There are 2 protein chains.
Amino acid sequence: MIGRLAIVGVGLIGGSLARALRAAGAVDEVVGYGRGIANLQRAVDLGVIDRIESSAERAAAAADMVVLALPVGSMAVMMGQIAPQLGPQTVVTDVGSVKGSIVEAARLALGERFPRFVPGHPIAGNEKSGVEASFAGLFRDRRVVLTPVAQTDPDALERVSAMWQATGAQTVTMDVAHHDEILAATSHLPHLLAYCLVDTLAQMDGSGVIFDFAAGGFRDFTRIAASDPVMWRDICLGNRAAILSALEAYRRDLGALMAAIDREDGAWLQELFARAKRERDALNGGRG
Amino acid sequence: MIGRLAIVGVGLIGGSLARALRAAGAVDEVVGYGRGIANLQRAVDLGVIDRIESSAERAAAAADMVVLALPVGSMAVMMGQIAPQLGPQTVVTDVGSVKGSIVEAARLALGERFPRFVPGHPIAGNEKSGVEASFAGLFRDRRVVLTPVAQTDPDALERVSAMWQATGAQTVTMDVAHHDEILAATSHLPHLLAYCLVDTLAQMDGSGVIFDFAAGGFRDFTRIAASDPVMWRDICLGNRAAILSALEAYRRDLGALMAAIDREDGAWLQELFARAKRERDALNGGRG
């Protein structure tokens, strides 16, 4: 049970976490802070948070748990702001899709409170943004990766783990660098490919007609290109090395595919497609 | 109203067409032919076709309308087989995702019957295959592109157009080459990118863990990589030039994206993502 929970950034993730913890009876009071006052007011109206705090520092002061649910690039500044107000028992966690750069920022910003910071990343979300899009079931049966480091206080880790489990999620711990490599491959790479595809098509002659003829496959494929641009800018900058490495591998493989089409190598193409289909069909027992 | 309809290839598309025309009362009798006898028997059991023909020639003989719903690479051989049996009034059409190579094959194979061939392409489908996956509503409110050439008989075009309209689809006519360029961009390119992504990830160290952490975005993005490998091999070979051109443009743009990440150009990245998001959000009024 969390006494006072401070959500900094009451959007899809922060809002859904608050909703889920309330629904589970796992929190007494939820205070919220964020840049957009209209969004915060909506969060109050929707019953997602109990009240708005006028600053991040005030939100963090006297909170038992502070959740930073912000774009990756805003984390460092926010940590610097709240650091002076954190009590010795306050636990801080984040939900960023990148862990290496956030852990380094926290180490610098939080100083002696750094052991009470637990780096976290719920593997959940969709292309929508804002508290309106939040819902209590977002994390149910999803994984939340926690990436504690050597200095992380086991009690803080336990509290963050318990919080996520109360939302219906499974928690797993993982090494920071390993998390960043896996996410570069499974999440960052597809998002960048989708953004790039939409933009490439938009630049083609007759792009209006092109988009008119986009069918279901295209819609599924590019849905993630409607995600928040600032969030994805920050992820690119925050996980640069792992993302570049994944893009390099992809671009190399795409070159091989193009060469096979160019030389009309039907056997090579069929083998690639069959191999990829087997992998895709096997994904979690073919749940789609 | 079609008297006898012959479906050659009773899979997702052929089966759904038969179902839709039956549901609309737009056909008297449906005969089917295909390579897999178990699939054909299932089509009879499901009421999709009235009976199985023992050969494509027999299916085509005495049919008013022959629909070739086969992988692109099988069209030429099949046209050669049925050509001798076609009556002077029989209309032949296809559902291939590529039109240029099919029109050339038809010109060679059908000889004096070529004017009764109407090249067609329903912009509908999903990653599933086989008659089990077929359903009557597949074409409702979807577009069907017809690409008649100078020699195409207007009466044949009218009959094929009426057939598709009876399924609830909208028909549009388009130049063959234009169709192939548009489809290379909106359909062929995303399918190839998805196949390539799944394969790139499968080759990474620890690919098992990577797929374990694949979330919703990845699932949406790669669903089309479960499509039929033979169908996509044929599309690559049949629409080679337009596909290579689209892949070239994409690979160039991906290189620019990588360069921006490498030089940590946040403004460039945010602008790209925002531009792509606007285009994606605008897609058919944001129906997703």
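A crossing of two helices is called left-handed if the near helix is turned anticlockwise from the far one by less than a right angle, and right-handed if clockwise. Helices (H or I, at least four residues) and strands (E, at least two) are DSSP runs, numbered from the N terminus. The model is predicted: local features need pLDDT of at least 70, side-chain atom pairs count only at pLDDT 80 or more, and totals for chains, interfaces and linings use all residues. Residues are numbered from 1 along each chain as its sequence is written, and chains are lettered from A and ligands numbered from 1 in the order in which they are written.

**View 1. Helix 7 of chain A passes helix 7 of chain B in a right-handed crossing.** The two helices, the one in chain B spanning residues 176–202, pack at an angle of about 160° with their axes 11 Å apart; axes are lines fitted to C-alpha atoms, for helices over the stretch in contact, and angles run from 0 to 180 degrees between N-to-C directions. Helix 7 of chain A is therefore roughly antiparallel to helix 7 of chain B, a term for angles over 145 degrees. Among the residues making the contact are A:Leu189, A:Pro190 and A:Leu193 of chain A, and B:Leu189, B:Pro190 and B:Leu193 of chain B.

**View 2. The interface joins 74 residues of chain A with 74 residues of chain B.** Two residues are in contact if their C-beta atoms, placed from the backbone, lie within 7 Å. Helix 7 of chain A gives the most to its side, with 18 residues. That side divides into 47 nonpolar, 11 polar and 16 charged residues; Ala, Val, Leu, Ile, Met, Phe, Trp, Tyr, Cys and Pro count as nonpolar, Asp, Glu, Lys and Arg as charged, and the others, Gly among them, as polar.

View 3. Chain A can be laid on chain B with an RMSD of 0.0 Å by a turn of 180° and a shift of 0.0 Å along the axis, the copies being superposed by least squares on the C-alpha atoms of residues with pLDDT of at least 70 in both. In chain A, the C-alpha of A:Phe221 is nearest the axis, 2.1 Å from it.

**View 4. Three strands of chain B form an open mixed sheet in the order 7-8-9.** Strands pair if DSSP finds at least two bridges between them. Strand 7 (120–122) and strand 9 (170–173) stand at the edges, each with a single partner strand, so one side of each lacks a neighbour in the sheet. Three bridges join strand 7 to the antiparallel strand 8 (residues 143–146), where B:Val144 stands opposite B:Pro122.

Key
Parallel < 35°, antiparallel > 145°, perpendicular 65-115°, else oblique.
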